[in-house]
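Please read it alongside the sequence and the coordinates.

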Amino acid sequence: MLETHYDSIFSKASLAEALKSIRSKSSGIDKELLDKFKADSLKNIEELHQELASGNYAPQPIKKITIAKDKTETRPIALASLRDKVVQRALVDAIDPYFDEQMSNKSYGYRKEKSATRAINRCRDFINRGYFWVYKTDIKNFFETIDHDRLLSLLDREIADKKIVRLISLYLKNGGFKHRDYVEHYEGIHQGDILSPLLSNIYLNEMDRYIERKEIEFVRYADDFVLFFKKRDQIEKPVRKLKEFLESLSLTLGEEKSYEANLFREGFGFLGVYFRDKEVKIDNERLQKKISKLFEIAREAKEPEKFVKKINLFLDGLTLYYLKIIDPKSSQFKLLYNGLIDASAQYVYLKKKEGKLKNKKDFKKPFESLYLLKEVSITQHKETIERIVSKGFEKYLATKSYTKGEEKLKRSKQKYAKSFAATSVLYVSQFGAYLGMSKNSITIKLKGKVVAKMPKKQCEHIIIAGKAISISSNMVYLCAREDIAIDFVDGHDAPFASLYSSRNTYPKMALMQLEIIQQNKALILAKGFILGKSKNQLNYLKYLDRYHNDVGANIKKIEKKIKVNIKGASSTSQLMGYEGEISTLYWQSLVVIIEEKSNFKGRENRGAKDLVNASLNYGYAILYARIQHALLKAGLALHISFLHTMQDGKPTLVYDLVEEFRAFVVDRAIISMINQNEPLKIDKKGRLSEASCRLIVQNVKERLGVYTKHKKASKKVETILQEQAYLLARHVRGEERYKPFIGKY
């Protein structure tokens, strides 16, 4: 029996030692950061010790998240608070040696002096001794189905100081928050807790001892295990009896992953390794994933030194497991080696293509420390590096010859994308027009006669911009069901009304938005919106400066203000002040760029009567409507904003998100129209002509419909806009940090 006392486990010294061994920087529900906790460790350890000694300690609720297990499954993960990690670490360090001595030597998971590699070698040993029939299986939902009472009974039988058992029972019963909802915990152990691996082995040791009593050879790693037999007819009865025994532990075999295997024929897979006859290979799918990781590093690494460092770290990890299994003379080793060479050459090609590194010398020097999976002479290493660099340069020269053809394809793609985007908008401005449905088309009638039609599948947005226009209830129903936006605009600024479904109201989200403001966390989002706006203005000026070369000074000033002021702002009001300074420089630059094409004197908001400002305002009206529908679709409350001051009756969150897209969508569309002398007209009252409004709608929708690079993929701008709305919603729910959209030119 374990005679260690509770008080000795949780002395100040043992808690301090436990803190030293905590490496994970993932935070729990308390959001306590490891570096900060360690910086004030004396105080934190003292408080923790007092709570444990007085019996007032209780673990904080865990933070529940899920991670991808494979392409179809996810795994629940528990993130404990930092203080609870320290307590669990001290507890495991104290009781693990005792329980480890009780465990079977055929159990290899989560144990000192044991490993997956040793489990593989134990399997090899059984195969070499003639055990050519196996039964490969696992425990179904093992971690989620462990019976608390049975586990506590096992612990109670082995641990003298019942205060330790009571503490473990608190961890077992401790629930957690998934998003903002508390989830009780009645069975199972939390995957992610420091204590859980030990508890899982204690629970399954009952099974291990049962199998040993039946004189069956086996190897277990966590909840996966393999039974070894010399004959086929030895399998059926022991497996049936094992299933019955597991029922007494409230466990069942995962039948979907259970199978018999004859090593002479099909073989079997275990721990990412494939056994057949006496041959051992890495599972091909896993090996391909490792090779894919090499190419991923090649895509993401910036400087050659960082590429080499990341590759070497990754390969060091492989040497601890996979390279101990793969025969250096095997085809799998050759596949991995060629993958390393090709990924390294791909890195050279990508950097050469970007123009950041021009000469072979730029690569050869950093690549001197690249690990090549096997020991070679200095001469051989230099020759291999020379081959890698030359291969990358050859690919660059080969692809350069046909990129012109690709540019033609891109232009053709953008041409049709613009066309499809523009024709997806139904713009209605005729006095007395009537909108209705006719079979599968939306119709516009004047005085009872159909004057225009659009297939409902083609329509994404309806803009009503005239007087005495009516719309049928069937039409409203269709638009609500098919998610077709309906907006009413006048001849000047923003839409004055929009129709949207009641399905788009989410009170919970509104409360979460308010909570961000109440907790003074709105500045993070406000900075994101302004950073996106300022960088997009900057990038647009850089793009225009290629052809005008007269706004370079303002570009440098904006760059400095973004770097120093925006990122360093400590309040929203300060942030808005810096944004105003950047916008002034931006509009001053645009005045210079289009001065020969217009009488534009600078930016005016509502009520502007010059052609450029009126056109910009009308373009923003279209963009506001699109942003509004994206936010509604993401479930956000339009009236609760983080940058702009909230106002009754105004969708101020729309004003927040629109900032990132103004320059990239509307400014670029309108300035381009001015530069190309498109027929925009304005009357003496400052109202755009109907034809001008139609033309602006078409150009803005074309900008929304074009493809651009975003997160390493080619996407429509309107798709990115919707993704940003969803990203904002995830940030509000605490699932992901918000990053602004920054367009590429």
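In this predicted model, helix 26 (residues 662-675) packs against helix 27 (residues 690-705) at an angle of about 130 degrees, and their axes are 9 Å apart.

**Helix 26 and helix 27**

- Helix 26 passes helix 27 in a crossing of right-handed sense.
- On the side of helix 26, the contact is made by F664, V665, R668, A669, I670 and M673.
- On the side of helix 27, L695, I696, N699, V700, R703 and L704 take part.
- The residues of this contact between helix 26 and helix 27 comprise nine nonpolar, one polar and two charged.

**Helix 10 and helix 11**

- Helix 10 (residues 196-213) and helix 11 (residues 236-248) pack with their axes 11 Å apart, at an angle of about 150 degrees.
- The cut-off for roughly antiparallel is an angle over 145 degrees, and helix 10 and helix 11 are therefore roughly antiparallel to each other.
- The crossing of helix 10 and helix 11 is right-handed.
- From helix 10, the residues E206, M207, Y210 and I211 meet K241, L242, F245 and L246 of helix 11.
- By class, the contact of helix 10 with helix 11 holds six nonpolar residues, two charged and no polar ones.

**Sheet with strands 2-1-4-5**

- Four strands in the order 2-1-4-5 make up an open sheet with mixed pairing.
- Strand 2 (74-79) and strand 5 (181-183) are the edge strands, and each pairs on one side only.
- On average, neighbouring strands of this sheet are turned by 40 degrees against each other, direction ignored.
- Strand 1 (residues 62-68) and strand 4 (residues 176-178) run parallel and are joined by two bridges.
- In this pairing, I62 stands opposite G176 in strand 4.

**Sheet with strands 15-14-13-17**

- Another open sheet has four strands in the order 15-14-13-17, and its pairing is mixed.
- Strand 15 (449-455) and strand 17 (470-471) are at the edges with a single partner strand each, so one side of each has no neighbour in the sheet.
- Strand 13 (residues 434-438) pairs with strand 17 in the parallel sense, over two bridges.
- Y434 stands opposite S470 in strand 17.
- Helix 19 (residues 473-482) packs on this sheet and touches strand 13, strand 14 (441-446) and strand 17.
- The direction of helix 19 makes about 70 degrees with that of strand 13.

**Aromatic pairs**

- The model has 25 aromatic pairs, counted by ring centres within 6.5 Å.
- One of them joins Y110 and Y221, whose ring centres are 6.4 Å apart and whose planes are at 50 degrees, so the pair is tilted.
- Y110 is in the loop between helix 5 (82-102) and helix 6 (116-128), while Y221 is in strand 6 (residues 217-221), so the pair ties together parts 111 residues apart in sequence.

**R122**

- R122 is a residue of helix 6.
- Leaving out residues up to four places away in sequence, R122 touches N105, K106, Y108 and V219.

Conventions. Residues numbered from 1 in each chain as written. Predicted model: local features only at pLDDT ≥ 70, side-chain atom pairs only at ≥ 80, totals over all residues. Heavy atoms only, no water. Pairing = 2+ DSSP bridges. Contact = heavy atoms within 4.5 Å. Axes fitted to C-alpha atoms, helices over the stretch in contact; angles between N-to-C directions. Left-handed = near helix turned anticlockwise from the far one by under 90°. Nonpolar A, V, L, I, M, F, W, Y, C, P; charged D, E, K, R; others polar. Parallel < 35°, antiparallel > 145°, perpendicular 65-115°, else oblique. Phe/Tyr/Trp six-rings, centres within 6.5 Å; stacked < 30°, edge-to-face > 60°.
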